[in-house]
Amino acid sequence: MATEQRPFHLVVFGASGFTGQFVTEEVAREQVARDRSSPLPWAVAGRSREKLQRVLEKAALKLGRPTLPSEVGVIICDITNPASLDEMAKQATVVLNCVGPYRFYGEPVVKACVENGTSCIDICGEPEFLELMCLKYHEKAAEKGVYIIGSSGFDSIPADLGVIYTRNQMNGTLTAVESFLTVHSGPEGLCIHDGTWKSAIYGFGARSNLRKLRSASNLKPVPLIGTKLKKRWPVSYCRELNTYSIPFLGSDMSVVKRTQRYLYEVLEESPVQYAAYITVGGITSVIKLMFAGLFFLFFVRFGIGRHLLIKFPWLFSFGYFSKQGPTQKQMDGSSFTLTFFGQGYKQGLSTDKLKPNIRICTQVKGPGISHMT
């Protein structure tokens with residue numbers, strides 16, 4: 001970490017955005033909850049001083065701390081102004097970056113942080129951005145002694161730590177894990193902010209870029225331990241959960257595989273194969289999803305189609321995504337369960353050419369996905 005004295009330990013960049021407001025409230029809540037005699041100095045950052053002040057005032061009202069706005073620094077900077085990003089980075093030990101989609105707005109922040117010896121954390125769920133930043137800035141960040149940490153929200157902490165937890169609970173060698181995400185909605189229904197919708201649209205529209213990036217990285221394949229994990233059909237039935245599922249297209253696979261590579265190459269631990277899925281319910285839901293999926297895949301192929309998808313998220317996602325995002329009641333009523341089914345070999349038994357002879361099931365549960373961003 002940077003060793004020189006800086007005025008702020010944390011800076012929430014993009015604090016007035018949908019996600020930034022929640023991050024700001026959580027940082028403020030943490031400061032209050034710990035009842036610090038000398039709380040960590042922190043700041044909010046963005047383009048509009050008025051909007052940043054309103055966010056702080058809202059957090060102050062929610063937490064019952066009227067002095068909060070005067071206790072938090074305010075930094076004015078713009079993603080299109082590299083000099084302002086440098087000034088922000090120079091004032092912070094860690095920047096919490098809430099400005100997305102990251103494929104368009106993330107790299108200038110990473111670049112400014114690395115060059116100025118500042119660590120950076122984001123909640124990105126975009127595999128292409130995550131892998132590109134690792135490829136371009138890993139060595140520079142290591143030289144500066146700073147950390148660039150992506151996917152520090154729902155994507156992909158539950159999945160990454162869930163696989164490690166499953167491995168630690170197994171009395172033997174874990175060789176493969178499948179995870180199944182189930183999202184539970186309350187009486188108010190489910191809604192997700194359209195920032196996630198946009199990331200999905202741009203991600204699908206640039207799938208070839210991710211394939212090229214992975215090919216150019218020239219990473220040596222991680223060895224396969226035990227039998228190869230079979231790939232499921234695009235729509236498959238999970239007997240254990242009594243539900244149909246489809247592949248989960250977030251960053252979980254990318255993040256878990258990177259962690260497993262690190263554990264193997266650096267710590268010489270046995271790597272775990274991984275596949276991620278999301279449950280979709282019964283056959284009626286599957287039929288609806290197939291029609292919606294075909295519709296989405298057709299539109300996302302063309303520029304005008306992507307424009308329409310982005311302009312009318314509520315219409316094209318059948319109400320699941322909106323520009324306003326979920327209400328507080330929707331967030332309070334929702335939750336998720338991530339179920340892990342692992343397979344491997346009992347302690348002391350060889351993993352060569354033998355079928356797995358031990359299975360394990362674990363779960364990670366938490367509040368609504370919006371709370372995790």
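1. Helix H13 covers residues 303-311, and Gly305, Leu309 and Ile310 are buried in it. Buried means under 20% relative accessible area, exposed over 50%, and partly exposed in between (1.4 Å probe, protein chains only). Viewed along the axis of H13, the buried residues fall within an arc of 130 degrees, so they line one face of the helix. The arc is taken from the directions from the helix axis to the C-beta atoms. Helices (H or I, at least four residues) are DSSP runs numbered from the N terminus.

2. This is a predicted model, in which local features need pLDDT of at least 70 and side-chain atom pairs count only at pLDDT 80 or more, while totals for chains, interfaces and linings use all residues. Residues are numbered from 1 along each chain as its sequence is written, and side-chain values use heavy atoms, with hydrogens and water left out.

3. Searching the whole structure gives nine aromatic pairs. Rings of Phe, Tyr and Trp (its six-membered ring) pair if their centres lie within 6.5 Å; planes under 30 degrees apart count as stacked, over 60 as edge-to-face and the rest as tilted. Among the pairs is Phe104 with Tyr105, edge-to-face at 6.3 Å centre to centre and 65 degrees between the planes. Phe104 is partly exposed at 44% relative accessibility, and Tyr105 is partly exposed at 35%.

4. Phe298 and Phe299 also pair edge-to-face, with 5.8 Å between centres and 75 degrees between planes. Phe298 is partly exposed at 47%, whereas Phe299 is buried at 16%.

5. Phe180, Tyr277 and Phe341 are linked into a cluster by ring pairs. The charged end of Arg232 sits over the Tyr277 ring, 5.7 Å from its centre (CZ of Arg or NZ of Lys within 6 Å of the ring centre and within 35 degrees of the ring normal).

Methods:
Helices (H or I, at least four residues) and strands (E, at least two) are DSSP runs, numbered from the N terminus.
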